[in-house]
Each structure stands twice: as structure tokens, then as C-alpha cells.
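Please read the report below alongside the sequence and the model.

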Amino acid sequence: MKKVLLSAGMMLLTGLGGVFAKDRPAEVSKKVWESFNDRFAGALDVSWGEERDLEIATFRLDEMVFFAYFDKDGEWVATARNILSDQLPILLIMQLKKEYHDFWISALVEVDSQAGISYFITLENASKTLLLKSAGWDDWTVSKKDKKE
């Protein structure tokens, strides 16, 4: 009986080791991989993609999904995540309620970069779609306006 339990325990540990393995995928440079692991230790379910000249890691950390952007030299550029409107700073929420009360939110992203934290929100109503940006905690600016057909 002890041998069976020991064998089962060893198989479980071996299987779990694969879940947390930190082997570098072939498509990701060593510099990017090391930078990612230094910054996001403990990340799970990591997948990689590329957009323009950036390497993008999609991963889970603390039950949240993040997108981390690195340049080809392994330098961190930004981290983004989708958030809910109640996670916005209060002044941004109040401005949305005051100036955009006839719109609904279709996307909301928080971006952390060397420039600080920014928020991007897509608002829609029956006739328009707006993309707003906030580079601070207290003011939205319209980045893009589209009329719906």
C-alpha cells in the first residue's frame, strides 16, 4: 500500500512539474524570456505572440489575465489588462457618468508603462462609437470618434 501511495505521489509531482515548467519557447528570445520571468514570476498559462516589433506574452497571474509587451532587446514596454468600470479612479467614473451617460462601455483596458498608468475605454450608443484615453486619474480625452451606419 505504501508503494502504491508513493508511486501515485511521485506521478502527481511529476505531472505538476510540467504545469509550472519555465522552459523558454523556441519563438521567444532569451532576453525577452528572462525579462518576462524577472518581472512576472509565478505567471501561469503563458502564450506568446508578436505584433509589429513587439513580443507579447498573455498569461494569468493572481487569477487575472494580463498582456505584457517587450521589445526585441527584452525591455519591458507595457502591461495591459481588461478591467471593470468600478476599478477606475473615482474622478474618471464621475466624468463618464456626467458627460457620457447615454453611452455603454464595450471595452475598458488599463495600461501600465514607463509613462505611468493609462486607461482606454470604448463607449457606444445607437449612433456613435468613441475611444477615450486617460493619461491620468482625472480626465478623459476623445482619441477617436466613429459614426455607426
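## A pocket and its lining

In what follows, Ala, Val, Leu, Ile, Met, Phe, Trp, Tyr, Cys and Pro count as nonpolar, Asp, Glu, Lys and Arg count as charged, and the others, Gly among them, count as polar. On that division, the lining of the second largest pocket has 5 nonpolar residues, no polar and no charged, and the residues concerned are Tyr 69, Ala 78, Ala 80, Val 111 and Phe 120.

The volume of this second largest pocket is about 160 Å³. Grid points are joined across faces, edges and corners, and the volume is the space filled by probe spheres set on the points.

## Confidence in the model

This is a predicted model, in which local features need pLDDT of at least 70, side-chain atom pairs count only at pLDDT 80 or more, and totals for chains, interfaces and linings use all residues. Residues are numbered from 1 along each chain as its sequence is written, and side-chain values use heavy atoms, with hydrogens and water left out.

The mean pLDDT (the predictor's confidence in each residue, from 0 to 100) is 85 for the protein, with 83% of its residues at 70 or more. Over residues 1–21, however, the pLDDT is below 50, and this stretch has 1 contact (heavy atoms within 4.5 Å) beyond near neighbours in sequence. Where pLDDT is low, the predicted coordinates should not be read in detail.

## Paired strands

Strands here are DSSP runs of E with at least two residues, numbered from the N terminus, and two of them pair if DSSP finds at least two bridges between them. Strand β5 (residues 104–113) pairs in the antiparallel sense with β4 (residues 76–82) over 5 bridges, and in this pairing Ala 78 stands opposite Ser 113.

Strand β5 also runs antiparallel to β6 (residues 116–124), to which 9 bridges join it. Trp 104 has Glu 124 in β6 as its bridge partner, and a hairpin of 2 residues links β5 to β6.

## Two loop residues with positive phi

Arg 52, in the loop between β1 (44–51) and β2 (54–61), has a phi near 50 degrees, a positive value in a residue other than glycine. Arg 52 is exposed (over 50% relative accessible area, with a 1.4 Å probe and protein chains only), at 75%.

Glu 63, in the loop between β2 and β3 (64–71), likewise has a positive phi, of about 65 degrees, although it is not a glycine. Glu 63 is exposed, with a relative accessible area of 70%.

Key
On a 1 Å grid over the protein atoms alone, a cavity is a set of points where a 1.4 Å probe fits but cannot get out, and a pocket is an open set with protein on both sides within 12 Å along at least five of seven lines; lining residues have an atom within 4 Å of a point. Helices (H or I, at least four residues) and strands (E, at least two) are DSSP runs, numbered from the N terminus. Buried means under 20% relative accessible area, exposed over 50%, partly exposed in between (1.4 Å probe, protein chains only).
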